[in-house]
Amino acid sequence: MATRNSQFRAISWASQFLSHKRPSWKCASCKNGRPTSILRRSFATAPKDGPKKSYYVTTPIFYVNAAPHVGHLYTMVLADILKRWRVLLGEDDAQLLTGTDEHGMKVQQAAQLAGMDTQAFCDRNYKTFEALAKAANLDNNHFIRTTDPAHKEAVRYFWEMLEHRGYIYTAKHEAGIQLAMKRSILNRRCITLWIRQLARRGCLIFQVSTVTGKEVEWSSETNYHFRLSAFQDRLLELYDTGFIIPGKYMNDLVKSVSSGLQDLSVSRPAERLSWGVPVPGDQTQTIYVWLDALVNYLTKAGYPFPPGQEGRLGWPADVHVVGKDIIRFHCVYWPAFLMALDLPLPRRVLVHGHWTINHEKMSKSTGNVVNPFFAIDRFGVDPMRFYLARAGSIVEDANYDNAYIIACYKKMLQWGIGNLASRTIGCAKGNLRSFIVNAASNQLPPGTASDQNYETFLENMPSEVAEHMKVLNTHAAVKAIMVIIEQANKYFHEREPWKQGPESPRVIYNVTESLRIAAILLQPFMPSKAQELLEMLKVDTSNPERRRFSAAAFGSDPDYGEGVEKKVLFPPLIIEE
Ligand code: MSP
């Protein structure tokens, strides 16, 4: 491969970067003589108190080589809950980005297998992910495709900047290439030797993948490398700032980065991989699909940024939501690329566990997947969102189980919320409004110690939920909201307001408030059902202030309850086994 001069494009505002002192070395064709560390620059971590920018959350972008499964739906829903939570807090301009990863070997080969033109294959398949975002009621502001021209332009620019700053050089890259259809690239650690005895003819020695057991062939090729090794210290410092949530995943990464970082091969020969963005000025090489894909988060934030407008569309991202299998890409490569360009770093990466079936990872390669469209059709979009958030775990893997979804639906939604709402409305005998009016004018009967304890509990719960959301623990947050419902049911049964005792109006009011508060807090999790419950209670949902987090305070809405009638919020499931 011919070495070449950097083809630095003349974009007038690119001069912002030119003012930096260039590293003392230049793009070289070998590693000899390169320094072991790189000068620390000013954006070690994202500026915390910069000008106000929109809250910006992202999902990973999904490979279009196969159809989506419930694991993908989970990632989408988590990110959507985080976005909707910020809207609940009053940040109407919060941004959510999702999309599809359309370049690389996997997609190239899947298109070949399907006997289709690769672009046509992507044009067909990305639609399924877009449809899933819609079916899951994602409130995404953007849907990116890595084949979008604007994205390809951003990738080229990003590359040129890395190269211009001296972080890219050419070198020999040695790797095992998996024979057979998949041809995935493996490093030395993933390869072992197998010896097969041949009857009376000695033996054959094979190199095989330790993961798949398939035969690999050792190959050596020259391509472009990124000076990842120079960022080890700064990455370790970054992990100290709480960059990775939860901490469990961070500990493994710290161990691995502390043991040393190799420079990273960031291109592939175009003769092997043609489906991607060509290296600017060198058509014989294609940019590594992960470098290409990670830049998507910048593309939709308006990269390349005109000077002074870096944060205009939300960069740096507040949260990247990712599954645990792609931590290294998001927590090692991505921050290192950004550090190399002095770009602000994403604030946090939220890593979640995997969904399993019979305790094995749900995965398109093994085929043990649940079709998310079928699940949504069967249980409804809100119950599915609720189930995934409630049963899914950030820290551990979670086992997908239809029986548990049904149990969850019956116990928590149908009985827990739906039945409580009907019974409370029943107790109010068609005049729920009068209890709200009396509460607002302080005319409810004085309560017992049990009523007062319950009111204190209700006053405290919204901030407990908010604390969980602050640390991105959607699982703990929805669990805490459901504690409101559980306690409200318990209180209702203990205090028996249907007997119309002297304190009953206070009990009815307290339980109604529990439903209103829970409905407000549930909006990010079950947007439609929460809205239905608020409408059922005749909360003025056309007034955004009545459904914000600030309205989830005990006694804060004096105006609801007029003409409330019973409705079935969670109808019985039609179960076909
Ligand atoms: N294209 C890359 C991501 C690039 S982001 C710049 C990719 N795509 S993927 O389609 O394979 O996976 C997308 C997401 O789905 C990843 O976060 C992955 O962890 C997640 N999941 C895939 N299988 C999963 C489960 N079984 N359970 C939960 N999430 C899972 O990786």
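Visitor: What covers the buried residues of α11?

Guide: This is a predicted model, in which local features need pLDDT of at least 70, side-chain atom pairs count only at pLDDT 80 or more, and totals for chains, interfaces and linings use all residues. Residues are numbered from 1 along each chain as its sequence is written, and side-chain values use heavy atoms, with hydrogens and water left out. Helices are DSSP runs of H or I with at least four residues, numbered from the N terminus, and contact means heavy atoms within 4.5 Å. The cover over the buried residues of α11 includes α2 (70-88), α4 (118-135), α12 (381-391) and α13 (402-427).

Visitor: Within what arc do the buried residues of α11 fall?

Guide: Buried means under 20% relative accessible area and exposed over 50%, with a 1.4 Å probe and protein chains only. In α11 (residues 372-379), the residues Pro372, Ala375, Ile376 and Phe379 are buried. Taking the directions from the helix axis to the C-beta atoms, these buried residues line one face of α11, because they fall within an arc of 100°.

Visitor: Which residues are exposed on the other side of α11?

Guide: The N-terminal end of α11 is capped by Asn371, which has a side-chain oxygen 2.8 Å from the backbone nitrogen of Phe373. On the other side of the helix, the exposed residues are Phe374 and Asp377.

Visitor: Which helix is included in what covers the buried residues of α14?

Guide: In α14 (residues 432-440), Leu432, Arg433, Phe435 and Ile436 are buried. They fall within an arc of 160° seen down the axis of α14, so they line one face of the helix. What covers them includes α17 (504-522).

Notes: Helices (H or I, at least four residues) and strands (E, at least two) are DSSP runs, numbered from the N terminus. A polar contact is a pair of N or O atoms within 3.5 Å; within protein, one must be able to donate a hydrogen and the other to accept it, and residues adjacent in sequence count only if both atoms are side-chain atoms.
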